[in-house]
Amino acid sequence: VEFVNLAATYSKVNLGQGFPDFPPPDFLKEAFMRAVSGQSQALHQYTRAFGHPPLVKVLAQFFGKLLGRDLDPMTNVMVTVGAYQALFCCFQAFVEEGNEVIIIEPFFDCYEPMVRMAGGTPVFVPLRLKAPEAGRLMSSADWELDPAELASKFSERTKAIVLNSPNNPLGKVFGRRELEAVARLCVRHGALCFSDEVYEWLVYDGRQHLRVASLPGMWERTVTIGSSGKTFSVTGWKVGWAVGPDQLLQHLRTVHQNSVYHCATAAQEAVAQGFQRELELYGKPESYFRQLPRELQQKRDSLVQSLAAVGMKPIVPEGTYFLVADISEFKSDVPEDPSSDEPYDSRFAKWMVKEKGLAAIPFSAFFCDAHKSSHSHFLRFCFAKEEATLKATNDILQAWKREKSSS
Ligand code: PMP
């Protein structure tokens, strides 16, 4: 929140908070306009609390196909106010005082407070950076989950693990071996898995997104969470969903019914039509789910080049629309301050937005308090941006480089 406010005040170019600055696809905007301006008065009124029927039906068809099982739209799918509310429902529904929830670091920052609000205790397990081969850029694949370390965090107190693949902020796409290790431990310890897959379509270089719920023994213990915000580039619509077995979703429905109750009908109708289109075009080149990652991969490569050219070492992401870069070579601009408790990257990001007009998010924000200081020389940039925004970023970085070399 602090960095969003700073960006609003000072930034010329905002690569901080994660949202596209390009428009959503026409077919989706048109579907929304039809929903609000058409003949149907019903789309202005309440719909079914757990999801507008056309949307849960198409989500059940779509995810049923992906997971290889028949899904019942009424009991295996629930529509939420963004993926955020689906996460909130999971923690509220299942986590109680005395429960532990395993969170893989770095993590999307709301997981920790949401676990604590439910009375649970977060237990952190870090992705470990293995040294990249000399002469090659770092990749998000260089950050690995150590199966022995992960196993050491599970106990009889473990209620659940939160999995986020592709991962915000690193862009790591978890491989089959890592997911199988998670699955084995969940089954052995009777733990649940909250699988945050909001970036499921944003994977690059031909990589495949794997769904943990499709692994043996995992369907019955997994809630899979998605977001139209990321899927269709409409973060402001706040339409998300949870998919899973009825015996888990029934508890999410209780939380949803007694808090939010309902999500905006017209937005759900438009997202339903978007999914209907994608179902028909599934796997075809015209599918938005294929077109969007193609475009984003080019944007990723453009930002990688801009950052690398000035000496910020990018970690090339396999997925998501985020990119983390190493700022250790910029100590001459922002010297270390041993008397400050604030992580270095946080001071650096504030300095950068005020002095250079470029907003990014400090990497340490994605770690628990105890681990922030060991990950404080990276920044996270969002590259879901128009050409012009990426060009303006490049201009700022080049001018900065010229200044540095002349001083
Ligand atoms: N999970 C992750 C990993 C995210 O990055 C975000 C949004 N930044 C969300 C969930 C929330 O998604 P929504 O906007 O659909 O609530």
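**Close-up views of the sheets and helices**

**View 1. Strands β3 and β4, side by side.** Start with isoleucine 103, whose bridge partner in β4 is phenylalanine 124. Keep in mind that this is a predicted model. The two strands, β3 (residues 100–105) and β4, pair in the parallel sense, with 6 bridges between them. To get from β3 to β4, the chain goes through helix α5 (residues 111–117), and this β-α-β crossover is right-handed. Is β4 mostly enclosed or mostly open? Of the 6 residues in β4 (residues 121–126), 5 are buried, so the strand is largely enclosed by the rest of the structure.

**View 2. The open sheet of 7 strands.** Read across, the strand order is β2-β11-β10-β9-β8-β3-β4, and the pairing is mixed. The edges belong to β2 (77–81) and β4; each has a single partner strand, so one side of each is left without a neighbour in the sheet. From one strand to the next, the twist averages 25 degrees.

**View 3. Strands β9 and β10, with helices on the sheet.** Here β9 (residues 192–196) and β10 (residues 222–227) run parallel and are joined by 4 bridges. Look for cysteine 193, which sits opposite threonine 222 in β10. Helix α4 (residues 82–94) packs on this sheet and touches β2, β3, β8 (158–164), β9, β10 and β11 (239–243). The direction of α4 makes about 115 degrees with that of β2. Helix α7 (residues 176–189) packs on the sheet too, touching β8 and β9, and its direction makes about 165 degrees with that of β8.

**View 4. Helix α2 against helix α10.** How do α2 (residues 26–37) and α10 (residues 265–280) pack? Their axes are 8 Å apart, at an angle of about 140 degrees. That angle makes α2 oblique to α10. The crossing of α2 past α10 is right-handed. On the α2 side, the contact residues include Phe27, Leu28, Ala31 and Phe32; among those on α10 are Ala266, Ala270, Val271 and Arg277.

**View 5. The open sheet of 5 strands.** This one has the order β6-β12-β13-β16-β15, again with mixed pairing. β6 (138–139) and β15 (361–362) stand at the edges with a single partner strand each, so one side of each has no neighbour in the sheet. Further in, β13 (residues 322–326) and β16 (residues 378–382) pair in the antiparallel sense over 5 bridges. Alanine 325 has leucine 379 in β16 as its bridge partner. Helix α11 (residues 288–310) packs on the sheet, touching β12 (313–316), β13 and β16, and its direction makes about 15 degrees with that of β13.

Methods: Residues numbered from 1 in each chain as written. Predicted model: local features only at pLDDT ≥ 70, side-chain atom pairs only at ≥ 80, totals over all residues. Heavy atoms only, no water. Buried < 20%, exposed > 50% of the residue type's maximum accessible area, 1.4 Å probe, protein only. Pairing = 2+ DSSP bridges. Right-handed = clockwise from strand over helix to strand, strands pointing away. Axes fitted to C-alpha atoms, helices over the stretch in contact; angles between N-to-C directions. Contact = heavy atoms within 4.5 Å. Parallel < 35°, antiparallel > 145°, perpendicular 65-115°, else oblique. Left-handed = near helix turned anticlockwise from the far one by under 90°.
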